[in-house]
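Subject: Structure for you, with notes on helix packing

Hello,

Here is the structure I said I would pass on. My notes follow below it.

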Amino acid sequence: MVRSPGRSRIRRDCGSRGCCAPGGPALPVSERAREVARTGQGWHQEDATADGTPYGVLTTARPDGQGAVMVGQTYAGVTEVDEAFLRRITVTSAAAASVCALLSWLVLGRLLRPVRRLARAAEHITTTRDLATPLPAAGRDEVGGLTRAFESMVGALHRSREQQQRLVQDASHELRTPLTSVRGCAELLQRARGRLAPEDEEQILATLVTETVALDELVRELVELATDQWTAEGPEPVDLPAAAEDSARRFHRRTGREIAVLADAPAPVLARPRALQRCVDNLVGNAVKFSPDGTPVEIRVTGTRLAVRDHGPGIAPGDRQAVFERFYRAAGTQSTPGSGLGLAIVHDLVAADHGTVFATAARPTGLTGRRAGH
């Protein structure tokens with residue numbers, strides 16, 4: 001029996017071809033299908049082609065065991081459904097991709113707009129060297145964080161440039177005095193050409209030596225202040241009493257001045273060792289310079305604080321903060337030798353290690369300079 005899908009007629013055929021309804025194609029009968037028909041048992045499913053059209057063919061034995069029934073189902077409808085589905089899914093995917101691309105472009109454009117504004121500001125700063133250029137407003141997102149970080153960096157660069165310009169201006173002013181003195185002495189010696197009295201010539205040469213030494217010290221401290229030679233040093237625990245003892249020994253050998261070191265429950269501080277030693281040396285040197293001969297100089301370490309005390313004339317309350325500025329000279333100290341940079345170097349080095357430095361009045365006279373640790 002052969003039955004064509006969608007047809008109501010069926011017919012018995014034991015030949016090599018199954019017959020469909022009138023006008024339909026004949027389905028091929030395989031050897032396995034004949035075996036089912038001969039035995040009247042079991043079933044067999046296979047794919048076949050009739051007149052170029054693919055079919056799914058099912059052959060199953062009749063209930064009475066007499067022959068078999070063959071049913072064919074064309075795949076044409078399934079293929080059309082598959083093709084229609086593929087067309088639809090292709091169109092839908094293309095549309096979804098276009099929409100996603102458009103939304104991504106809009107969203108990314110909105111997200112990247114602050115980045116582009118920041119990039120334009122950075123390019124303007126690079127081109128004009130104008131560190132005062134305003135930056136775009138910072139939001140609360142990651143781009144806002146980047147803007148704030150960039151703003152902090154530009155602010156630090158701006159402050160650094162101002163400090164450098166101020167240092168150059170101050171240095172040019174301070175260098176002019178010893179250079180003028182050296183030039184005047186040299187011109188006097190050139191004009192005199194041996195006609196000066198020995199004592200006058202000796203005085204001029206002594207002035208030249210003194211001014212040259214002062215000039216050399218000023219240049220060295222300017223370079224030190226501008227470059228910070230200990231930037232590459234890593235912070236590590238430093239023993240303050242040991243640093244104080246080392247400074248006291250060196251100044252005693254150099255000046256003969258007795259410098260006492262007192263410690264009260266000292267504690268290590270985290271700092272750059274050489275930078276901290278330079279701070280102690282500058283504080284002690286300043287104390288020795290302004291303390292009269294025969295008066296003691298004391299270095300006292302209390303916990304993480306180091307204080308240097310002298311018995312000099314002291315500093316007026318209004319000048320105690322200003323003495324840590326570059327080239328500052330308090331009233332009455334202009335004639336004292338020095339560059340005016342020693343305490344400024346102390347301030348910068350201590351601030352770099354997150355410490356504080358200040359001056360207070362000592363009783364009955366003198367000054368105490370303190371370097372506080374962390």
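Please keep in mind that this is a predicted model. I start at His354, which follows helix 7 and has a positive phi, near 65°. Helix 7 itself covers residues 342-352. Its buried residues are Leu343, Ala344, Ile345, Val346, Leu349 and Val350.

Helix 7 packs against helix 6 (residues 273-290) at an angle of about 150°, and the two axes are 9 Å apart. Angles over 145 degrees count as roughly antiparallel, so that is how helix 6 runs relative to helix 7. The crossing of this pair is left-handed. On the helix 6 side, the contact is made by Ala275, Arg278, Cys279, Asn282, Leu283 and Asn286; helix 7 contributes Gly342, Leu343, Ile345, Val346, Leu349 and Val350. Sorted by class, the contact of helix 6 with helix 7 has eight nonpolar, three polar and one charged residues.

Helix 6 also packs with helix 5 (residues 240-255), here at an angle of about 45° and with the axes 9 Å apart. Helix 5 and helix 6 are therefore oblique to each other, and their crossing is right-handed. From helix 5, the residues in contact are Leu240, Ala243, Ala244, Asp246, Ser247, Arg250, Phe251 and Thr255. Helix 6 meets them with Leu276, Gln277, Val280, Asp281, Val284, Gly285 and Val288. This contact of helix 5 with helix 6 has eight nonpolar, four polar and three charged residues.

Regards

Conventions. Residues numbered from 1 in each chain as written. Predicted model: local features only at pLDDT ≥ 70, side-chain atom pairs only at ≥ 80, totals over all residues. Heavy atoms only, no water. Axes fitted to C-alpha atoms, helices over the stretch in contact; angles between N-to-C directions. Helix = DSSP H or I, 4+ residues; strand = E, 2+ residues; numbered from the N terminus. Parallel < 35°, antiparallel > 145°, perpendicular 65-115°, else oblique. Left-handed = near helix turned anticlockwise from the far one by under 90°. Contact = heavy atoms within 4.5 Å. Nonpolar A, V, L, I, M, F, W, Y, C, P; charged D, E, K, R; others polar. Buried < 20%, exposed > 50% of the residue type's maximum accessible area, 1.4 Å probe, protein only.
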